[in-house]
Amino acid sequence: KLMVNNHYVLGEYSNLLLFKFYYNDKVAEKLIVDLNGKFSCFSYAFSGVSNGDDEYHIIVNHNNCNVNSKISNKCIGLDGSSIKIQIDSILKKGNDNCVIDQTSRILTLGEVAATVVPNMFIDDDSVEARHGSVISSFSDEELFYLMSRGISEDEAISLLMKGFIFSNLVIDMEKRAKIFQVLQNL
């Protein structure tokens, strides 16, 4: 079980890159990022496997001109789990030339309660904003392709899970091996 509250404040020309992987029974996380300085940048890449009840709330305050945020969430929900991801990107009038990018994808393996709430509260016209959210399982085409190459369905799902999780992370080989071991045991 994991409860996390983090608050980051970025000054002028600051750049925060945050890569995370979770596999816990229950997660309650709140992340607040204040982009206070001009030309500050926040990049967030999260990959997780949910085995229980996971709730993530990400709040990014774009408090100056020329600030950027890029948020990418990739979660796998195992049978019986629940995942809620809420992202609040906030930009007030006068903070122009900003970029806001939110993407979230939850892959469901079995019965999963999955919710994505991609909020963008933008009060300025000079902003580049994008968001995308997908909740799905692996496609039949992905599984068919691998199985047509002689890979069993269980092995195909395992390969797709690993590719999905690792495609979002930039980590060293030691951490990669630990995450690989977690995924191998699912």
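Modeller: A term needed below comes first: a nonpolar patch joins side chains of Val, Leu, Ile, Met, Phe, Trp or Tyr that lie within 5 Å, each residue having over 30% relative accessible area and no salt bridge. The model is predicted, and its chain averages a pLDDT of 95, with 100% of the residues scoring at least 70. Mean confidence is lowest in helix H3, at 92, and highest in strand S5 (residues 82-91), at 98.

Buried residues in H2 are Ala-156, Leu-160, Met-161, Lys-162, Phe-164, Ile-165 and Phe-166. Their cover includes helices H1 (140-147) and H3 (173-184), together with strands S2, S3 (41-62), S4 (68-78) and S6 (98-109).

Strand S2 spans residues 15-35 and holds Phe-19. Phe-19 counts as partly exposed because its relative accessibility is 34%. With Leu-17 and Val-170, Phe-19 forms a nonpolar patch on the surface, and together they have about 290 Å² of accessible area.

Strand S6, in turn, contains Gln-102. This residue is buried, because its relative accessible area is 0%, and the cut-off for burial is under 20%. Apart from neighbours within four places in sequence, Gln-102 is in contact with Ile-71, Ile-87, Ser-89, Pro-118, Asn-119, Met-120, Arg-130, His-131 and Gly-132.

Conventions. Residues are numbered from 1 along each chain as its sequence is written. This is a predicted model: local features need pLDDT of at least 70, side-chain atom pairs count only at pLDDT 80 or more; totals for chains, interfaces and linings use all residues. Side-chain values use heavy atoms; hydrogens and water are left out. Patches are made of residues with over 30% relative accessible area and no salt bridge: like charges are joined within 9 Å, nonpolar side chains (Val, Leu, Ile, Met, Phe, Trp, Tyr) within 5 Å. Accessible areas come from the Shrake-Rupley method with a 1.4 Å probe; for residues, only the protein chains shown count as cover. A salt bridge is a side-chain nitrogen of Lys or Arg within 4 Å of a carboxyl oxygen of Asp or Glu. Helices (H or I, at least four residues) and strands (E, at least two) are DSSP runs, numbered from the N terminus. Buried means under 20% relative accessible area, exposed over 50%, partly exposed in between (1.4 Å probe, protein chains only). Contact means heavy atoms within 4.5 Å. pLDDT is the predictor's confidence in each residue, from 0 to 100.
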